[in-house]
Amino acid sequence: MALSLQEQLLKAGLADKQKAQKVNAEKRKQSKAQKKHKVDVVNENKVAAEQARQAKVAKDKELNEQLKLEADKKAIAAQIKQLIEVNCQPKNNGDVACNFTDGSKIKTLYVDKLTHKRITQGKLAIVKLGESYEIVPTPVADKIAQRNAELVLHRADKQAEPEQADKSEEDDWYAEYEIPDDLMW
């Protein structure tokens, strides 16, 4: 017949007889108290194991949230890329310079006259795709701005609104001067 763990430790000399008797007496006292008074004796090991399990569940939940947020970010980036690639207008590398700002830098995109006219009218917008710049219709730029507003770099219709408030005061001052038609910035 196999020896119990306690007997094996005693035989190997890893535990002494007094400690073994003390542990056995403690176990008997707990079981007696539990039977006699119907008192639940708190087992520290079970409590510690439950706390560790709850901590692990909380940590796993937090990790899952982070993974979900990262997956959502990737999905939004893929949606934006698809919107731009499907709806981008040809740049044609024309002879008209279209200037816009990317952060604090002024960038230039050369387009043909018709595209430049549509950009200035607010029918087309300039968006950033990676390190390149693309021209998309304004409704598509609205969808992109809903997902990430930083990627929409130039929209003539949005930039004209703040200027119109100051423009009424300036119009009176410059009313008597004519602006040449061939003036290009």
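Here is a short walk through this structure, one selection at a time.

You are looking at a predicted model, where local features need pLDDT of at least 70, side-chain atom pairs count only at pLDDT 80 or more, and totals for chains, interfaces and linings use all residues. Residues are numbered from 1 along each chain as its sequence is written, and side-chain values use heavy atoms, with hydrogens and water left out.

Start with the whole chain in cartoon view. There are six helices and five strands, taken as DSSP runs numbered from the N terminus (helices H or I, at least four residues; strands E, at least two). From the N terminus on, they run α-α-α-β-β-α-β-β-α-β-α. Of the 185 residues, 18% are buried (under 20% relative accessible area, with exposed over 50% and partly exposed in between; 1.4 Å probe, protein chains only).

Next, select helix H3, residues 44-87. Which residue does Glu50 meet in a salt bridge? Show the side chains and you'll find Arg53, at 2.6 Å, N to O. A salt bridge here is a side-chain nitrogen of Lys or Arg within 4 Å of a carboxyl oxygen of Asp or Glu. Glu50 and Arg53 sit three residues apart, about one turn of the helix. Further along H3, Asp72 and Lys68 are four residues apart and form another salt bridge, with their closest N and O atoms 3.6 Å apart. Lys68 is exposed at 54% relative accessible area, while Asp72 is partly exposed at 35%.

Now jump to strands S3 (residues 124-129) and S4 (residues 132-137), which pair in the antiparallel sense over six bridges; pairing takes at least two DSSP bridges between the strands. Two residues lie between the strands in this hairpin, and Gly130 takes a positive phi near 70°. Click Lys128 and look across to its bridge partner in S4, Tyr133.

Phe100 lies in strand S1 (residues 96-102) and Tyr133 in S4, so the pair ties together parts 33 residues apart in sequence. Both Phe100 and Tyr133 are buried.

Last stop: select Asp142 and Arg155, whose salt bridge has its closest N and O atoms 2.4 Å apart. This pair links helix H5 (residues 138-147) to strand S5 (residues 152-155). Arg155 is buried, with a relative accessible area of 9%, whereas Asp142 is partly exposed at 32%.
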